[in-house]
Amino acid sequence: MTPFVRAAVAFLACGAVLISCGTAPPADTPAESAASPGPATEPHTATPVPGPTATAPVRVERNDAEPALVTGVRFGRHPSFDRVVVDFQGGVPGYTVRWVRELHEEGSGRPIDLKGGRALHIRLVPANAHTEDGTPTWNGTTVPASGGITGIAKTGDFEGLVGIALLAPGVTGFKVSELTTPPRLVVDVAH
């Protein structure tokens, strides 16, 4: 065998090995979600993601920003945690997220009934939950019974401050994340 023929055989052998191994999807291909079914021949099982464990307050300041507009607050229940998503127009404002034993409405000072439990209080500054003409953009969110979060209430929309209370029977771990397109604040609360 000539050196040229040996090189050609080696090249073809390497190519056959690579083809038999298959190819991986590109790095930017999103992975299958836990909710999507697998191939028809294989059952798809999802491993529950553990809930967050941190309980320390989280604070991010953005006092020089224009007030963000709260356009909605969404709720979702997962096997080990509840997720609350605050939607904004104009960017994510500064925020403080912490467990409290009691709450009062911003402006009026009236006590808020925590139903015998605790509240994970989200304080957004600078932010509004109303339009320029005073029309509310969010009033509250309904939460199904059972789970970690038992209710979500607006605690204020006063002078550039919006308050949101996540009612719960007791203190559990939580995690706060910011997303930018569109702007959202995500709070996961362990069961």
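**Ground rules.** I worked with a predicted model, where local features need pLDDT of at least 70, side-chain atom pairs count only at pLDDT 80 or more, and totals for chains, interfaces and linings use all residues. Numbering runs from 1 along each chain as its sequence is written, and side-chain values use heavy atoms, with hydrogens and water left out.

**Entry 1: the mixed sheet.** I took strands as DSSP runs (E, at least two residues), numbered from the N terminus. I counted two strands as paired if DSSP finds at least two bridges between them. I found 5 strands in an open sheet with mixed pairing, in the order S8-S2-S3-S13-S12. Its edge strands are S8 (127-128) and S12 (174-180), each pairing on one side only. I then looked at S2 (residues 68-77) and S3 (residues 81-89). They run antiparallel to each other over 8 bridges. Phenylalanine 75 has valine 84 of S3 as its bridge partner.

**Entry 2: the antiparallel sheet.** I traced an open sheet of 6 strands in the order S1-S4-S7-S11-S10-S9, with antiparallel pairing. S1 (58-60) and S9 (140-141) are the edges; each has a single partner strand, so one side of each has no neighbour in the sheet. S1 pairs with S4 (residues 94-100) over 3 bridges. Valine 60 sits opposite tyrosine 95 in S4.

**Entry 3: cores.** For a nonpolar core I used buried Ala, Val, Leu, Ile, Met, Phe, Trp, Tyr and Cys residues joined through side-chain atoms within 4.5 Å. Buried means under 20% relative accessible area, exposed over 50%, and partly exposed in between (1.4 Å probe, protein chains only). The largest core holds 29 residues. Val70, Leu124, Ile152, Ile164, Leu166 and Leu185 have the most contacts inside it. Elements giving two or more residues to this core include S2, S3, S7 (118-125) and S11 (161-168). I also noted a second, separate core of 7 residues, with Leu103, Ile112, Ala119 and Ala165 among them.

Leaving out residues up to four places away in sequence, leucine 166 touches Val84, Ile122, Ile152 and Val187, among others.

Entry 4: Which peptide bonds did I find to be cis? One joins valine 125 and proline 126, with omega about -10°. Proline 126 lies in the loop between S7 and S8. Another runs from threonine 181 to proline 182, with omega near -5°. Proline 182 is in the loop between S12 and S13.

Glutamate 159 has a positive phi, near 50°, though it is not glycine. I placed glutamate 159 in the loop between S10 (151-158) and S11. Glutamate 159 is exposed, at 74% relative accessible area.

**Entry 5: salt bridges.** I required a side-chain nitrogen of Lys or Arg within 4 Å of a carboxyl oxygen of Asp or Glu. The structure has 7.

- Aspartate 82 meets arginine 77 at 2.9 Å, N to O. Aspartate 82 is buried at 0%, and arginine 77 is partly exposed at 30%.
- Arginine 83 pairs with aspartate 188, closest N and O atoms 2.7 Å apart. Arginine 83 is in S3 and aspartate 188 in S13, so the pair ties together parts 105 residues apart in sequence. Arginine 83 is partly exposed at 31%; aspartate 188 is buried at 7%.
- Arginine 110 pairs with glutamate 105, closest N and O atoms 2.9 Å apart. Arginine 110 is exposed at 52%, while glutamate 105 is partly exposed at 28%.

Notes:
Helix = DSSP H or I, 4+ residues; strand = E, 2+ residues; numbered from the N terminus. Contact = heavy atoms within 4.5 Å.
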